[in-house]
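Take a look at the sequence and the structure below.

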Amino acid sequence: MHRHVIVAFGKDKEVDYKIPAAEVAAQSAAQAQQWFAQEFEALECDVATPIGKVLRSDLVLSVAKYAGERRFRDDPDWARRFATNAASLLDRNVIRVDLGNYTVGY
């Protein structure tokens, strides 16, 4: 069994990761949240939500957006950590991070 994480940057531009479930299970959701919080700060992300609360999906979307397509392409180790942490944090079998529409789908 594996977890499937897709990051879409626009029409016909996406990256696809299949992460073994054991790899996802080896890390807690709290560890994944901490990784995203560190990346969020390092990338100087901003969330455009009026309520002021940063949701888990906001963390994932913002880190993907601010990292950009080039980072996913040029740094495969970082991209795989992103996918593994997203799978752990959001705890879904299939996750689609759609930056064109700024949505996370399951």
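Start with Asp12. Its relative accessibility is 75%, so Asp12 counts as exposed, since exposed means over 50%. Keep in mind that this is a predicted model. Where does Asp12 sit? It is found in the loop between strand 1 and strand 2. Those two strands form a hairpin, with 2 residues between them.

Asp12 also has a positive phi of about 60°, although it is not a glycine. Most residues other than glycine have a negative phi. How many bridges join strand 1 to strand 2? There are 8, and the two strands run antiparallel.

## The overall plan

Now step back to the whole chain. It has 4 helices and 4 strands. Along the sequence they follow the pattern β-β-α-α-α-α-β-β. The radius of gyration is 13 Å, close to the 13 Å that the globule rule gives for 106 residues, so the chain is as compact as a globular protein of that length.

The C-alpha atoms fill a box of roughly 35 × 30 × 25 Å, taken along the principal axes. Of the 106 residues, 41% count as buried. Look next at contacts with a separation of 6 or more: residues 24 or more positions apart account for 58% of them.

Strand 3 and strand 4 pair in the antiparallel sense, over 3 bridges. Here Val97 has Val104, in strand 4, as its bridge partner.

## Helices on the sheet

## A closer look at helix 4

Helix 4 has 15 residues. From its first C-alpha to its last, it reaches 21 Å, close to the 21 Å expected at 1.5 Å a residue. Is helix 4 mostly covered or mostly open? It is mostly covered: 11 of its 15 residues are buried. Among them are Trp78, Phe82, Asn85, Ala86 and Leu89.

Thr84 is another residue of helix 4. Its relative accessible area is 8%, so Thr84 is buried, because buried means under 20%. What does Thr84 touch, leaving aside its neighbours within four places in sequence? It is in contact with Ile19, Glu23 and Gln27.

After helix 4 comes Asp91. This residue is found in the loop between helix 4 and strand 3. Asp91 has a positive phi of about 50°, although it is not a glycine.

## The nonpolar core

In soluble globular proteins, nonpolar side chains tend to be buried together. Here, the largest nonpolar core has 31 residues. Which of them have the most contacts inside it? They are Val7, Phe36, Val60, Phe72, Trp78, Phe82 and Val97.

Strand 1 (2–10), strand 2 (13–20), helix 2 (29–42), helix 3 (56–74), helix 4 (76–90) and strand 3 (94–98) each supply at least two residues. Helix 4 gives the most, with 8 residues.

Phe36 shows how such contacts look in detail. Leave aside its neighbours within four places in sequence. Phe36 is then in contact with Leu59, Val60, Val63, Phe82, Asn85, Ala86 and Leu89.

How values were computed. Residues are numbered from 1 along each chain as its sequence is written. This is a predicted model: local features need pLDDT of at least 70, side-chain atom pairs count only at pLDDT 80 or more; totals for chains, interfaces and linings use all residues. Side-chain values use heavy atoms; hydrogens and water are left out. A nonpolar core is a set of buried Ala, Val, Leu, Ile, Met, Phe, Trp, Tyr and Cys residues joined through side-chain atoms within 4.5 Å. Buried means under 20% relative accessible area, exposed over 50%, partly exposed in between (1.4 Å probe, protein chains only). Contact means heavy atoms within 4.5 Å. Two strands pair if DSSP finds at least two bridges between them. The expected span of a helix is 1.5 Å times one less than its number of residues. The radius of gyration is taken over C-alpha atoms; the globule rule is 2.2 Å times the number of residues to the power 0.38.
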